[in-house]
Amino acid sequence: MDSGSGLDPDYSKGKGSGGNGERKFGAFLKRVEPFLPKKDLNPRDLRSWAKKTGFVSGETSTKLGESSNFDQIEPILGRDRPKRGSGIEHVTGSGSGYKSGHGEDMVESLSETAEIENEGGKINRDLENGFYHYPGGRESEDGEWPKPIVMKFGLRDNPGFVPLIYYGLQHYMSLAGSLVLIPLVIVPAMDGSDKDTAAVISTMLLLTGITTILHSYFGTRLPLVQGSSFVYLAPTLVVINSEEFRNLSENKFRGIMRELQGAIIVGSLFQCILGFSGLMSLLLRFINPVVVAPTVAAVGLAFFSYGFPQAGTCVEISIPLLFLLLIFTLYLRGVSLFGHRLFRIYAVPLSALIIWTYAFFLTVGGAYDYKGCNADIPSSNILINECKKHTYTMKHCRTDASNAWKTAPWVRIPYPFQWGFPNFHMRTSIIMIFVSLVASVDSVGTYHSTSMLVNAKRPTRGIVSRGVALEGFCSLLAGIWGSGTGSTTLTENIHTINITKVASRRALVIGAMFLIVLSFVGKLGAILASIPQALAASVLCFIWALTVALGLSNLRYTQTASFRNITIVGVSLFLGLSIPAYFQQYQPLTTLILPSYYLPFGAASSGPFQTGIEQLDFAMNAVLSLNMVVTFLLAFVLDNTVPGSKEERGVYVWSRVEDMEIDPEMQADYSLPRRITQFFGCRCC
């Protein structure tokens, strides 16, 4: 390392003790006095040095406590280090912060070395490494090392019953778009009625409440909302728009829903086995940010052909909504009202409510009234050509096009197998098995990011496996109740926790209880089912774009300038979009039947994969037409076969079981409830 860095490489290797070492240390002090900072300091040297000595990865057997001489010396100025007291304090009330000790002193020393003051100001050299970089961390005004984001309430904090209600509802309100808009996409595609849409929305609210409570007590115990995920939306649309199911004449909605239920149940059982058997713990060794980032990004990119083509049917609604979302989330994100950043936290529900009201006035004002045309009459039954071309606009833009309010009951309790007993077929089951694997990969990235965001120690591999297994059980419930999609951890949780600064488990549980109660109010589902489809598509455009951004943000744990990493991500994403497009072009008859925004999801029946085994052909054509599956397979193979250091790849580092056994704070964060642990006779399960 250059002399300007202030570190003697020989001394750092342990050669600073005894005779010759003392002479070298004296020379080191002479060289530092006076100290001249260098502008070309390379943080990689520090990171490399720290890794070799074990301060980062802990792979070396030498402990910090053994190097007593060096521990008392400032790495930059060579002077005695002052006493630091208790070291780094925990920033939230959860009590799961970083402990004091030599390791933290060295980290702080490295940060001081990497941040050098010169005449032109302060140059902050951030070690962009997953071990040190905190999601949402930011530089302070005086140029200090980026601090962890400060939570209002930590993982185990209890601010009181009334604040818990407020913060719990706040969390779910900020996720409103992800929780209730999926039925507005899939139910109309299945030729379901407005009443069916309201029923599916109520079912999703019920399942979101139940599964979130289960995950808060028996999963990873991180503050993560479980719900119908966009990971399952694309395969659901593939099944819906396949030739076998779109040609159903009677009870089409119930027939497709029962097929989806059977497939989701099989996929969820696979996920349960993956978690409970311990296979997920082994698989975690091969799942890293370079795999997670493009996979999650592909989940959002899969709907680029659906988003604005649907929203564009009413540009007078969709464009103002998108502008409003961007203004609230970007331009007004720092504006506080009554001490709360309402525009940032409630950007989606607030924007949707404003534009929904605007659309109501357009409807009442006659903007979508056409002479002799009735929006309640299906376009297939309209004989007048003048009306037929306006029917699509009326259905997507009018706020009174839905009759859900008239048909939905005031009280309706969703119950298991409400659409009938599930149908089990190998073709759709294979699809959902692949999708459940992708959902598990998505959740792994969310677990890791969330644990760092809430300033808790990262979970052990066993805890991650337990979380994945419970997600499988939650998807099993979704298949039994018939929500149309599986249940998994919502990626948008990271964004929500980041903007609300609330990570309390209790708040999520209280909010989940409210969701369960609200799911019994049939009229609430009817109100949500009355959202114009163009408005829903516009909100989804924003949410899918956010999903892409959250996925790519996982690359912050890697060396983002690495040619290896950017090549793997670029190739995975490009081919993850291009290969499915190749499979989607084998549908000559479909183009005459399906709308353009459904064409990417109609390849299962007529793709190029033909072996003569009908069930297998259907499954493989469907799987290879899914962007996220192809992207995951490519990224997984490339990242685990192309040589690269752990630092370069940003390999996820999970806590060890031994660490948890001696750390009561970590046990309180992740261990199962006391009665459960006593029943199984383990403290760290």
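User: What share of the 685 residues in this chain counts as buried?
Analyst: Heads-up: this is a predicted model, so local features need pLDDT of at least 70 and side-chain atom pairs pLDDT 80 or more, while totals for chains, interfaces and linings use all residues. Numbering runs from 1 along each chain as its sequence is written, and side-chain values use heavy atoms, with hydrogens and water left out. Buried means under 20% relative accessible area, exposed over 50%, and partly exposed in between (1.4 Å probe, protein chains only). Of the 685 residues, the buried share is 57%.

User: And how many helices and strands are there?
Analyst: Both are DSSP runs numbered from the N terminus: helices are H or I with at least four residues, strands are E with at least two. The chain comes to 33 helices and four strands.

User: Leaving aside neighbours within four places in sequence, which residues is Leu 233 in contact with?
Analyst: Contact means heavy atoms within 4.5 Å. With those neighbours set aside, the partners of Leu 233 are Ile 182, Val 185, Ile 186, Phe 303 and Trp 544.

User: What is the volume of the largest cavity?
Analyst: On a 1 Å grid over the protein atoms alone, a cavity is a set of points where a 1.4 Å probe fits but cannot get out, and lining residues have an atom within 4 Å of a point. Points are joined across faces, edges and corners, and volume is the space filled by probe spheres set on them. The structure holds nine cavities of 30 Å³ or more. For the largest, the volume is about 160 Å³.

User: Which residues of its lining are closest to the centre?
Analyst: Helix H18 (347–364) and helix H23 (493–500) are among the helices that each supply at least two lining residues. Of the 17 residues in that lining, the closest to the centre are Ser 174, Val 348, His 495, Phe 542 and Leu 546.

User: Is Thr 496 buried or exposed?
Analyst: Thr 496 sits in helix H23. Beyond four places in sequence, Thr 496 touches His 171, Ser 174 and Leu 175. Because its relative accessibility is 1%, Thr 496 counts as buried.

Key:
1 Å grid on protein atoms, 1.4 Å probe; cavity = no way out; pocket = protein on both sides within 12 Å on 5 of 7 lines; lining within 4 Å.
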